[in-house]
Amino acid sequence: MERVKVTIPTKFKPLLTEHFRYKVYWGGRAGGKSYAFADSLLIKARMSTCRIACVREIQESIKDSVYQLLKDRASFYGFDDFKFFDDRIENIVTGSTFIFKGLRDQDAQKIKSLEGVDVVWIEEGQSIRKASWDILNPTIRKPNSEIWVSMNREEENDPIWKAVAANPDERTFVCKVNYYDNPHCPEEMKYLAEKCKETSPEDYDHIWLGAPVAQGSNKLINAKDVRKAQEYKIGHTTSPLIVGVDIARFGDDKTVLCYRRGRWCFKIEELEKLSTVEVANKITNVIQELKPARVFLDLGNNGAGVYDILKDRGFKCVRGVNFGGRAINDDRYFNKRAEMWALANEWLKSDAPVQLVDNDELLDDLCSVSKAYDNKGRLQLESKDKVKERIGRSPDKADAFVLTFAEPVYDDGKTKMVGIENNTIESLFKTTMETSW
Ligand SMILES: Nc1ncnc2c1ncn2[C@@H]1O[C@H](COP(=O)(O)OP(=O)(O)OP(=O)(O)O)[C@@H](O)[C@H]1O
Ligand SMILES: [Mg+2]
């Protein structure tokens with residue numbers, strides 16, 4: 001085999017020179033984890049015959065995996081002994097193979113294909129669910145096999161962290177790496193890190209130093225839940241369409257429409273600088289074309305005007321929502337806004353996976369709102385103005401999204417309650433639900 005000079009940063013040398021069942025590298029962004037793991041595995045695959053599995057929690061297609069990174073690195077070093085197939089990589093000299101899998105879709109049967117692997121690389125270890133880890137860990141059983149984990153810690157209790165790295169035993173190697181440990185860290189990344197350090201020390205600790213988000217954080221919605229939903233793909237559902245509309249304030253905010261069908265929130269649409277009538281016309285088009293079961297409209301700002309026009313046009317599916325109004329469950333929630341946000345949070349955390357439109361501003365918006373409790377112990381949220389002051393814009397996308405949780409919506413209002421003649425579930429709620437749009 002030809003000799004090619006590959007330099008692995010010092011902190012990563014144990015990947016190739018030491019044997020541990022678990023090797024966990026953790027830290028903030030740009031620590032060089034992914035590159036060092038890829039380089040080390042390519043070298044390993046050239047030195048001996050080994051089976052390598054690259055896994056992550058969710059992998060819809062090979063594009064989500066580290067396949068491309070491995071390919072780029074092999075090409076960078078001029079390793080021409082690798083052959084790249086659609087779903088795997090092989091070394092034609094040693095016979096080593098790389099396979100790529102998402103753990104979310106595995107069960108005890110399917111995962112058996114991993115039994116013979118020598119190294120598993122778990123990328124984005126913080127996203128691995130406990131159920132996935134509990135299936136994977138005992139499957140890796142070949143003598144001297146190793147489990148390599150690269151992760152940016154999300155929470156104190158990330159399942160892999162808790163299971164392996166929190167209290168490492170003699171078979172576990174744990175190493176922290178940050179951008180300043182990475183001799184190849186691009187200047188742009190260093191600049192971003194230093195800027196973040198000045199403007200937002202808490203974010204810096206988490207994003208760049210890899211500290212988990214403090215437990216008992218006062219934020220209502222957890223970034224991990226949002227990201228998980230943004231990565232998940234549902235693709236199809238027969239649930240009725242619900243549209244949430246956050247109407248622009250006087251001034252610069254945008255009107256935002258959010259579209260959700262049950263577990264699938266698939267679209268966010270922004271409208272800029274439209275008059276009340278123009279917004280009403282846009283919603284009219286949406287109603288006529290898509291026939292949503294409900295359109296929940298924020299009555300604040302200019303919303304009341306839009307609502308009046310739509311009601312005047314006879315659309316029964318339109319509901320006005322007063323953020324400051326009473327919650328359906330007002331023992332638990334200070335107002336309607338707190339209730340909708342809490343329901344959206346429950347949706348994000350629900351056992352059945354949900355899909356949220358993949359939009360960075362929506363993620364930021366959702367994670368920016370702090371929670372508190374009033375003197376009756378009810379959930380109360382930080383005011384929209386305060387959030388705006390802190391993040392520099394109004395969290396309109398998140399508000400449009402949470403509006404889709406303003407009232408429960410069932411298919412056609414036809415669901416019957418057992419034992420209660422002629423009563424729909426909806427009729428038991430405080431609002432009446434019409435059956436047609
Ligand atoms: N061996 C290397 N040669 C050249 N550039 C490198 C090398 N290792 C890292 N880099 C540079 O540093 C950047 C960060 O590295 P990498 O993506 O591996 O970090 P990471 O710890 O996985 O970060 P993240 O948490 O953002 O995924 C890369 O985008 C690349 O520009
Ligand atoms: Mg990485």
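Which domains does the domain assignment of the protein give? The assignment, which is automatic or taken from a database, gives domain 1 (10-189) and domain 2 (223-428). The model is predicted, so that local features need pLDDT of at least 70 and side-chain atom pairs count only at pLDDT 80 or more, while totals for chains, interfaces and linings use all residues. Residues are numbered from 1 along each chain as its sequence is written, and chains are lettered from A and ligands numbered from 1 in the order in which they are written.

The C-alpha atoms of the protein fill a box of roughly 80 × 50 × 40 Å along the principal axes. The protein has 14 helices and 16 strands, taken as DSSP runs (H or I, at least four residues, for helices; E, at least two, for strands). Of its 437 residues, 38% are buried, a residue being buried if 20 or more other C-beta atoms, placed from the backbone, lie within 10 Å of its own.

The C-alpha centres of domain 1 and domain 2 are 39 Å apart. Contact (C-beta atoms, placed from the backbone, within 7 Å) joins 5 residues of domain 1 with 5 residues of domain 2. The side of domain 1 that touches domain 2 comprises 1 nonpolar, 1 polar and 3 charged residues; Ala, Val, Leu, Ile, Met, Phe, Trp, Tyr, Cys and Pro count as nonpolar, Asp, Glu, Lys and Arg as charged, and the others, Gly among them, as polar.

Around ligand 1 (C-beta atom, placed from the backbone, within 6 Å) lie R29, A30, G31, G32, K33, S34, Y35, N152, N182, H184, C185 and P186. This shell has 4 nonpolar, 6 polar and 2 charged residues.

Technical notes:
Two residues are in contact if their C-beta atoms, placed from the backbone, lie within 7 Å. A residue is buried if 20 or more other C-beta atoms lie within 10 Å of its own, exposed if 12 or fewer, and partly exposed in between; C-beta atoms are placed from the backbone.
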